[in-house]
Amino acid sequence: MDEKIILLVEDNPDDVTLTERALKKSHILNTLVVAKDGVEALNYLFGMGNFAGRDLSCMPEVVLLDLKLPKIGGLEVLKKIREDSRTKLLPVVILTSSKEETDLINGYSLGANSYIRKPVNFNQFVDAVRQLGLYWLVLNETPPYDSRKIDG
């Protein structure tokens, strides 16, 4: 079975550390790739920049996407993911502290699979990450990579 990679797109180092701790505490030991801004996330997904030559047949199982990012914002990243035949079916979970209703509506309008507000309390955050991991990495079935490349 292929390794199930999690792509975390998060610019706040404290939130990255918190997510890493929550995954570890929840016994989710999948490889975590961290992109610190929208450009880095897109470079990873499409094998550009520092990720040129990356094996694009090995896509993340799920993308955890913050909205407030430098360079390219999360909603624009989501839009570019959905526009490309290689990534249009990739599960994207918006994981943000934003309480803006427009972010919620725009996220779903652009094709987010889920929208989760980051709990402030660490134990609640750990529980949210555990549930995310259980659902997206164990229960959910994604289409095979070959079907993700088909336009239509």
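Good morning. The model is predicted, so to speak of local features we require pLDDT of at least 70, and side-chain atom pairs count only at pLDDT 80 or more, whereas totals for chains, interfaces and linings use all residues. Residues are numbered from 1 along each chain as its sequence is written, and side-chain values use heavy atoms, with hydrogens and water left out.

I begin with the chain as a whole. Its secondary structure comes to six helices and five strands; helices (H or I, at least four residues) and strands (E, at least two) are DSSP runs, numbered from the N terminus. Along the sequence these elements follow the pattern β-α-β-α-β-α-β-α-β-α-α. The C-alpha trace spans about 40 × 35 × 30 Å along its principal axes. For 152 residues, a compact globule would have a radius of gyration near 15 Å, and the 14 Å of this chain agrees with that. That radius is taken over C-alpha atoms, and the globule rule is 2.2 Å times the number of residues to the power 0.38.

Of the 152 residues, 48% count as buried. Buried means under 20% relative accessible area, exposed over 50%, and partly exposed in between, with a 1.4 Å probe and protein chains only. Among contacts (heavy atoms within 4.5 Å) between residues at least 6 apart in sequence, 67% join residues at least 24 apart.

I turn now to helix α2. Seven of the nine residues of this helix, residues 38–46, are buried, so α2 is largely enclosed by the rest of the structure. Which residues of α2 are buried? They are Gly38, Ala41, Leu42, Asn43, Tyr44, Leu45 and Phe46. The elements that cover them include β1 (6–9), β2 (32–35) and α3 (74–83). At the start of α2, a side-chain oxygen of Asp37 reaches to within 3.0 Å of the backbone nitrogen of Val39. After the helix comes Gly47, whose phi is positive, near 65°.

Strand β2 contains Ala35. With a relative accessible area of 1%, Ala35 is buried. Leaving aside residues up to four places away in sequence, Ala35 touches Leu7, Leu8, Val9, Glu10, Glu40 and Ala41.

On a 1 Å grid over the protein atoms alone, a cavity is a set of points where a 1.4 Å probe fits but cannot get out, a pocket is an open set with protein on both sides within 12 Å along at least five of seven lines, and lining residues have an atom within 4 Å of a point. Grid points are joined across faces, edges and corners, and a volume is the space filled by probe spheres set on the points.

How many cavities of 30 Å³ or more are there? The count comes to one. The largest cavity has a volume of about 50 Å³. Helix α5 (122–139) and strand β3 (62–65) each supply at least two lining residues, and the largest share, five residues, comes from α5. This lining divides into nine nonpolar, one polar and no charged residues. Here Ala, Val, Leu, Ile, Met, Phe, Trp, Tyr, Cys and Pro count as nonpolar, Asp, Glu, Lys and Arg as charged, and the others, Gly among them, as polar.

Finally, the second largest pocket holds about 170 Å³ of space. Its lining has four nonpolar, two polar and six charged residues; Asp11, Asp66 and Lys118 are among them.

Notes: Polar contact = N/O pair within 3.5 Å; in protein donor to acceptor, adjacent residues only side chain to side chain.
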